[in-house]
Amino acid sequence: MTVPAGARGTTTVAPRAVRRIAERAAAEALPDGGSVLRGSAGVRGNSARISVGVRLPYPVRADEAARRIRERAVARTAALTGLSVPRAEVRVDALSVGPAPVVPEAVKVAPGQDGGRPGPRIRAERRVPAAVLAALGAAACGLVLADVLTVRFGGAPAGWRTAVLDWAATHGPADSAVRIAGAVAAVAGAWLLGCALLPGLRRRLRMAAPGPGVRAALDRAAAARILRERALGVPGVVRARVTVRRRRAGVRAGVGYGDPAEVRAEAVRVLGAALLELGLARPPALRVRVRREAGLPLPDPAEAAAAVEGPGAARRSDAAGYAAPGAPRNGGEA
């Protein structure tokens, strides 16, 4: 006996199950020290959209790791759910920074398959303006359609439509209200055009593409935190403040001991290597300023040498800063 196709039933995979599968698949492709923070999924028909936020260890090529995670999540989700996954997003929401290793020399990151050229910029989705515009348009079109249908079937036009027509018939372009409304409409139109044409996401720095069709970006705040950790690992630096912009990275370091000129030279070397390791398509220009911290006594040269070279006074950096023997710890801000 053959059962008709309509009577065989259907199999539905809930978005929650798709999200859990995508998160588990992403965790399988994470490097050591990484973790999955959160994920989301949506199912429409026979296709699913997944999005996963992860935490990666530093140093690691974030773009290459994200590509491996995305490929793994897409393949496993499609294989285990039977749904096609036309779109998958992997967001690097955080980096876990360990103690800064000793950097011998600046080494450029190897380019990807396309020669390391930056891919197209990641554009902001701007969901809130799109949702507001769609809601207003749908409401206006619904009101007009309801009134037109009412008049078509013999009813009277709505009072709001007759009031609008009467007001427009008695007011011309010279009226202040018309000019103000036109100015507001022009500003709103310019804003909407900007949302449609400008890519946005100015706080993200483009990274070199590891392969064709892959776009990667690094948040400027994350880059500033990484550079600050490296700056605090330089011997003699007890405080650091880092600002990263699209074209320039500025570092202000406070020197607790040692020659400020030597400390600055070492900071320039370490931070220059850190900038290259970020894998940015166009690394910003580095500018380092140092000054001696007020209130800190100048150490004896012999004691300073023992503090740097002695086995009991290892160099260390953490979120609060660098502490030298005999000197108070001072935290910096990114």
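Predicted model: local features only at pLDDT ≥ 70, side-chain atom pairs only at ≥ 80, totals over all residues.

Student: At what angle do helix α6 and helix α7 pack?
Tutor: Two packed helices are described by the angle between their axes and by the distance between those axes. Here helix α6 (residues 220–232) and helix α7 (residues 260–277) pack at about 150°, and their axes are 9 Å apart. Helices are DSSP runs of H or I with at least four residues, strands are runs of E with at least two, and both are numbered from the N terminus. The axes are lines fitted to C-alpha atoms, for helices over the stretch in contact, and the angles run from 0 to 180 degrees between N-to-C directions. Helices α6 and α7 are therefore roughly antiparallel to each other, given that angles under 35 degrees count as roughly parallel, over 145 as roughly antiparallel, 65 to 115 as roughly perpendicular and the rest as oblique.

Student: Which side chains of these two helices meet in a salt bridge?
Tutor: Side chains of opposite charge can pair when their charged atoms come close. A salt bridge is counted when a side-chain nitrogen of Lys or Arg is within 4 Å of a carboxyl oxygen of Asp or Glu. In this case Glu-277 and Arg-230 meet in a salt bridge, at 3.1 Å from N to O. Glu-277 lies in helix α7 and Arg-230 in helix α6, so the pair ties together parts that are 47 residues apart in sequence. Arg-230 is buried, with a relative accessible area of 4%, whereas Glu-277 is partly exposed at 29%; buried means under 20% relative accessible area, exposed over 50%, and partly exposed in between (1.4 Å probe, protein chains only).

Student: How many salt bridges does the structure hold?
Tutor: The structure holds 10 salt bridges. One of them joins Glu-28 to Arg-72, with the closest N and O atoms 2.6 Å apart. This pair links distant parts of the chain, since Glu-28 is in helix α1 (residues 15–28) and Arg-72 in helix α2 (residues 62–81), 44 residues apart. Glu-28, Arg-72 and Arg-76 are also linked in a network of salt bridges.

Student: Is Gly-53 buried or exposed?
Tutor: Gly-53, which has its place in strand β2 (residues 47–58), is buried, with a relative accessible area of 0%.

Student: Which residues form the nonpolar patch on the surface?
Tutor: Patches are made of residues with over 30% relative accessible area and no salt bridge, where like charges are joined within 9 Å and nonpolar side chains (Val, Leu, Ile, Met, Phe, Trp, Tyr) within 5 Å. Here the patch is formed by Leu-143, Val-144, Val-148, Trp-160 and Val-164, which together have about 450 Å² of accessible area, a value that comes from the Shrake-Rupley method with a 1.4 Å probe, where for residues only the protein chains shown count as cover. The largest share of the patch, 3 residues, comes from α3. Val-144 is found in helix α3 and, at 43% relative accessibility, counts as partly exposed.

Notes: Residues numbered from 1 in each chain as written. Heavy atoms only, no water.
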